[in-house]
Amino acid sequence: MNTLSTSLAFLILIVICSVSTQIPPIPNPPYPVPLPSGGRQGVHGWLILPWEQSLPDPNDPSAPAYAWFSHHVPEFWTDSPHDWQIIFQGEITPIMVAENDSLPIRLPYPPQSPLLVDEFTFTPPPNFSLNDLLMRRITGLKGVVYNGSFDTPYERYAISLGSVNISQLTTAIYLNQSLSIPSYPVLSYYSYPRAPAVNGIAPTTGIQNFYFAHSIRARPDFDQIIHGEINLSQCQCSGECSKFYQSIFTPGIQWTIPGLQNVVEDRLLPNTNPVSILLTTPSSSITCKLMVLEQIHCVLGPSFFDICVDNLFVNFN
């Protein structure tokens, strides 16, 4: 058995006792449903969307990697422990596989790697409570980093061990399975900058990269992550525009795609032509051109198990 395999087996034994960091829950949480402690127990995986950073660092193999982590995958069913669309900001640090020895988490880090190409996931081996994560009772997770998942055309394989620290819960949307919930009238996405603003100062020029997560709202819907670029010089703003660029770089802000229905057949896909996207704030309206570079992940609701292939889907049952 190789070193990584031995370490994976050892991690599964110890992680049950070290899956979380206990902190006081947040008061008066802004959630539409109760979240009792210990609820929504399950194996909750996460899609890793790395930020732009100079990794791996040959001088520090234990350096943390910063990323967005997207709940992989949500479900609509009320009796499911996965009925939330969640994206959080965090950092993942390699776990030592031998005494005083750390192996870097080898992901395609931008900007050296312009595209992710594959789907990289993080899974803590044991069940844990999604309620406790949402209530900030859990701020840390230990698990396995994989290339692949259940919805990739290739079999997933472990590439590293990692410890994730949750620094900010950016997006948390409860998925109500009621058929009375109306769908969004037009295609809609949340955006997450690949190079977030530093100290609140957003870039004002050049081509900037973003991850976009389709806004899940009403059954059956679809869960999609894409990566694209925006040329800031082509963005236009009307209304109060003093915080024009800060609005564009706000993590989890919602864009609409005028002229496209909110159905999987109209979803954004890599193309040679940019598409117009609209950001509406209480005081301004911002239009940008988005060039979609890659689709990272796409599955169909309400169970989010069947994968999207062009405008069709594949069922692995």
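**Pockets, cavities and the barrel**

Fifteen residues, or 15 in figures, line the largest pocket, and those nearest its centre are Val 43, Gly 45, His 72, Val 73 and Phe 150. The model is a predicted one. The space in this largest pocket comes to about 290 Å³. Sorted by class, its lining has six nonpolar, seven polar and two charged residues. Two strands, E2 (45–50) and E5 (120–123), each give at least two residues to the lining of the largest pocket.

Both E2 and E5 belong to a closed barrel of six strands, which runs E2-E3-E4-E8-E7-E5 with antiparallel pairing. On average, neighbouring strands of this sheet are turned by 40° against each other, direction ignored. In general, the strands of a sheet pair through backbone hydrogen bonds, either parallel or antiparallel.

The second largest pocket holds about 220 Å³ of space. Its lining has 14 residues, and Glu 119, Asp 151, Thr 152, Pro 153 and Ile 296 are the closest to its centre. Strands E15 (284–300) and E16 (306–309) each supply at least two residues of this lining. The largest share, four residues, comes from E15. By class, the lining of the second largest pocket divides into eight nonpolar, three polar and three charged residues.

Next come the cavities. The structure has two of 30 Å³ or more. The largest cavity has a volume of about 60 Å³. Its lining is made up of Leu 55, Pro 56, Asp 57, Asp 60, Pro 61, Ala 63, Ala 65, Pro 94, Pro 104, Ile 105 and Tyr 109. Of these residues, nine are nonpolar, none is polar and two are charged.

The second largest cavity contains about 30 Å³ of space. Around this second cavity lie Pro 108, Pro 110, Ser 113, Pro 114, Leu 115, Leu 116, Arg 194, Tyr 211, His 227 and Glu 294. Six residues of the lining are nonpolar, two are polar and two are charged.

How values were computed:
Residues are numbered from 1 along each chain as its sequence is written. This is a predicted model: local features need pLDDT of at least 70, side-chain atom pairs count only at pLDDT 80 or more; totals for chains, interfaces and linings use all residues. Side-chain values use heavy atoms; hydrogens and water are left out. Two strands pair if DSSP finds at least two bridges between them. Axes are lines fitted to C-alpha atoms, for helices over the stretch in contact, and angles run from 0 to 180 degrees between N-to-C directions. On a 1 Å grid over the protein atoms alone, a cavity is a set of points where a 1.4 Å probe fits but cannot get out, and a pocket is an open set with protein on both sides within 12 Å along at least five of seven lines; lining residues have an atom within 4 Å of a point. Grid points are joined across faces, edges and corners, and a volume is the space filled by probe spheres set on the points. Ala, Val, Leu, Ile, Met, Phe, Trp, Tyr, Cys and Pro count as nonpolar, Asp, Glu, Lys and Arg as charged, and the others, Gly among them, as polar.
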